[in-house]
Amino acid sequence: MALSVLDLFSIGVGPSSSHTVGPMRAARRFTAELGRSGRLGATSRVKSELFGSLGATGVGHGSDTAVVVGLSGHDPETVDADAVPGIARAAAESGTLVLDGEGDAGHPVAFDRTRDVVLHRRRSLPAHPNGMRLTATDAAGAELFVREYYSVGGGFVVASDELDAPVAGDDAPEPYPFDFADELMARCRESGLSIADLMRANEAVRHEAGALREQLLAIWSVMRECVENGCTRTEALLPGGLKVRRRAPALRARLREEQAAALATGSIDPLQAMEWVNLFALAVNEENASGGRIVTAPTNGAAGIIPAVLHFYSNFVPGADDDGVVDFLLTAGAVGILFKKNASISGAEVGCQGEVGSACSMAAAGLCAVLGGTPEQIENAAEIGLEHNMGLTCDPVGGLVQVPCIERNAIASVKAINAARLAVRGDGQHRVSLDQAINTMRQTGADMKTKYKETSRGGLAVNVVEC
C-alpha cells in the first residue's frame, strides 16, 4: 500500500502525535467498532490501559486525557484544542462518560478516571512501545469487547491484528512507486520529473490536483496560525509544572525592534534570518506544549522544524510563493515516506533521531527543492540532515514535550537550512546515501537502550531536577 503526503502532515493537537493524537484516534476508533459490533448498548463501563512509553510518560503527554476525549467521539483534527481539558474534566467530575459510537446519539457509561484509565509504567505490550488496550464490560463486569492498538508515530494507529499488514495507505496503483531513495532517484531520472512533480503524479490516484494543492496550502495555513498563536499567548509559563517560560512572544517583540532599528541605520545583522528561524520553531513547539492546534510534521515533538524552515523560505528567499510551498511539502513528504516505510518516526521506538532527525531531513529536502536543487542534491540534503542527528535520544524531562524538545526543534531547523544550502552548492554526489543513513538510524534505534526512548528514565530526564 502507498502512503500519501497528507498522511505525513495531519492536523491535530499537542503535545504529542504518538502520545496524544494517536490515543485519541484509537479511542474514537474503539467506540466506532464497539458500535458496529452491536455491543454499545450493553456497555456499562470502558477501561483504558496504556502500556510502555504511553504509560511511562502518558500524564505529561496528556495521553490519559486524550483517551477520554476520543471515547467521547472527538477527533484530533476537528476538536477544539482549548476545550480538550474541560471535556475530560467534565467526565471525571460527573462520573459519566458519554461514548460516541459513530453516528450514535451517545451512550452514557459509568466513569471513574482513577479506575478506568490505567497507566502501566513498567509493563509493555509485545509489538511496540506505544501500546494500549481498551475493554468494554457490561453491568455484571463481563467483557463484551476488547481491542489492542499501537500508536506507531506521527498519529498513525494500528490494531494488533493489523501489525503484519503493509504500512497503512491507499491501494490505488501509483505511476511511480518507490520504497527506497535509490528507487525515487531512478524514477526521477527515468521520467525527467522533479521529486515534487513525481509526488503530484502519484497523489493523482488519490486526490484531484486542485484539491491536493488546496489541502497542502491549508496545512501551511495551520502552520502559520500556529506560529502566530505561539507568539501571542499571554500566559508566562508553559503548563505541566516545570515552570518553563514562554520565549516566543518576547523574542518576536525584540526581533521586530531590532529589525526596525536596522532598517533605520542600515546596519544589518547577516545572521538575523537565523534568529527568526529560532523564533518560528520556538513558537510552534511552545504552542504544541500548550496542547494547541498543530500539524504533525511528521510528529508533534518535531512539529516546529518544517514550519520554521517554510517560514524561512517564505520570508527570506526571493520569489517565494504558494507554488514553492506546495513543492516544498511534496518533496519533504516524499522523504518522510521513506522514513515511515524503512525505519520509524516514533521516539518511543528509535529515539528522537526518528522525530527531529526525520523532520530535519524532510525540511532540508524541501528547502533544497525550492532553492532549485536537483533530485540528487535534494537526496544529499536529506542525508546530511539525518546524518547529523543520528543517535539522538528522546529524554523529555518530566515526560513533558518541553525540555529539551522545544530548543531541539530550533537547532534542527537551522541545521536543515544549512544542509539544504550545503547540498545545493554541490553536484549531488556524496559518499553516504540517504538509504544507508535511514537504515543506520533504524539499527541505531534498535541498539538504543529503552530508557533513552521516550520513557523519561534516562538522559536529561533524570539529570535535570523537575522542580
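## Exercises on a predicted chain

The chain folds into 19 helices and 9 strands (DSSP runs, numbered from the N terminus: helices are H or I with at least four residues, strands are E with at least two). This is a predicted model: local features need pLDDT of at least 70, side-chain atom pairs count only at pLDDT 80 or more, and totals for chains, interfaces and linings use all residues. Residues are numbered from 1 along each chain as its sequence is written, and side-chain values use heavy atoms, leaving out hydrogens and water.

### Exercise 1: overall shape

Compare the radius of gyration of the chain with that of a compact globule.

**Solution.** 
- Step 1. Take the rule: 2.2 Å times the number of residues to the power 0.38, with the radius taken over C-alpha atoms.
- Step 2. For 467 residues, a compact globule would have a radius near 23 Å.
- Step 3. The chain has 22 Å, which agrees.

### Exercise 2: burial and contacts

Find what share of the residues is buried, and what share of the contacts with a separation of 6 or more joins residues 24 or more positions apart.

**Solution.** 
- Step 1. Set the classes: buried is under 20% relative accessible area, exposed is over 50%, and partly exposed is in between (1.4 Å probe, protein chains only).
- Step 2. Of the 467 residues, 56% are buried.
- Step 3. Contact means heavy atoms within 4.5 Å.
- Step 4. The share for residues 24 or more positions apart is 77%.

### Exercise 3: helix α18

Describe the span and the buried residues of helix α18.

**Solution.** 
- Step 1. Helix α18 covers residues 434–447, which is 14 residues.
- Step 2. The expected span is 1.5 Å times one less than the number of residues.
- Step 3. From first C-alpha to last, α18 reaches 20 Å, close to the 20 Å expected.
- Step 4. Leu434, Asp435, Ala437, Ile438, Met441 and Gly445 are buried.
- Step 5. An α-helix has 3.6 residues a turn, so residues three or four places apart point the same way.
- Step 6. The buried residues of α18 pack against α7, α13, α14, α15 and α16.

### Exercise 4: two residues

**Solution.** 
- Step 1. Asp116 lies in helix α6 (residues 113–116).
- Step 2. Asp116 is buried, because its relative accessible area is 2%.
- Step 3. Beyond its neighbours within four places in sequence, Asp116 contacts residues including Arg45, Lys47 and Phe111.
- Step 4. Ala218 sits in helix α9 (residues 209–232).
- Step 5. Ala218 is partly exposed, because its relative accessible area is 36%.
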